[in-house]
Amino acid sequence: MNQALESAAREVVELRIPSRAEWVALARLAAATVANRLRFSIEEIEDVKLAVAEACTAVIQHEGHGEFIHLTCEALEDCLRVRVHDSGRHGVHAPDRQRMNFEEARIAGLGIFLIRTLMDEVSYDVHPQLGTDLLMVKRLGAT
Amino acid sequence: MDIKVNVREAPGDCYVVDLSGEIDVYTSPKVKDAIGTLIDRGVYHLVINLEKVRYIDSTGLGVLIGGLKRVREHGGSVNLVCTNPQIKKIFDITGLVKIFGIFESEDAAMKALV
């Protein structure tokens, strides 16, 4: 393992932003910075930026989301692990499609599709009282 | 972070919308307004120039899809100018390359308008 990777391994960056559209850029910049530390390619860093932005956007568009979005980026030996936590208590992270028209629901689906396509692992963890976690992993050298 | 929108008239009863910056959940309403205003005025042939767009997410794609849907109701079309590989990749993986005309130059996009 090279020096840079070794020193980056197991570093954790945490960020709390208001659940509002104007703060999503900061979340994706933070994730991109950690991805850059791990020596991902420019294309992979762009993938991470977009996936994190889509996850935050999904929270914001979700009826009943919490006041803040918590972003945790863990730089591990061979991957970047990202957790996007919404403390809202209304179940899954996905936007509330019952309140959307067909076009809005289709676009929301596009966001989830992008996350699943651009990241290597994606899972949800739903706590009825604590909120929802979206967990994403991007592996080094997977693409 | 911001998006700059510039609208200009082009020959042949069409308009060019130049976008510059990042299109996301925060900035996409501004793009939606610009495109919507043109369509409300009866402009149904548009070239949207994304050459200076550094980033686009699903909300930005949604704005473009919404604009395309509206102009098609009037027999119009939307062509895109896109040279950034990362932006092109998003259109590729979402399958939107099949519904938009995507061109390397504004000239080519203009000529291909229906």
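**Lysine 111 of chain B**

K111(B) belongs to helix α4 (residues 106–111) of chain B; helices are DSSP runs of H or I with at least four residues, strands are E runs of at least two, and both are numbered from the N terminus. N79(B) is 32 residues from K111(B) in sequence and 9.8 Å from it in space, C-alpha to C-alpha.

**Basis of the model**

This is a predicted model, where local features need pLDDT of at least 70 and side-chain atom pairs pLDDT 80 or more, while totals for chains, interfaces and linings use all residues. Residues are numbered from 1 along each chain as its sequence is written, and chains are lettered from A and ligands numbered from 1 in the order written.

**The sheet of chain A**

Chain A has an open sheet of five strands in the order β1-β2-β3-β5-β4, with antiparallel pairing (at least two DSSP bridges between two strands). Its edge strands are β1 (11–18) and β4 (121–127) of chain A, each pairing on one side only. Eight bridges connect β1(A) with the antiparallel strand β2 (residues 68–75) of chain A, and E14(A) stands opposite T72(A) in β2(A).

**The contact between chains**

Chain B gives 14 residues to the contact and chain A gives 18 residues (contact: C-beta atoms, placed from the backbone, within 7 Å). On the side of chain B that touches chain A, α2 (58–72) and α3 (85–93) of chain B each give two or more residues.

Key:
Two residues are in contact if their C-beta atoms, placed from the backbone, lie within 7 Å.
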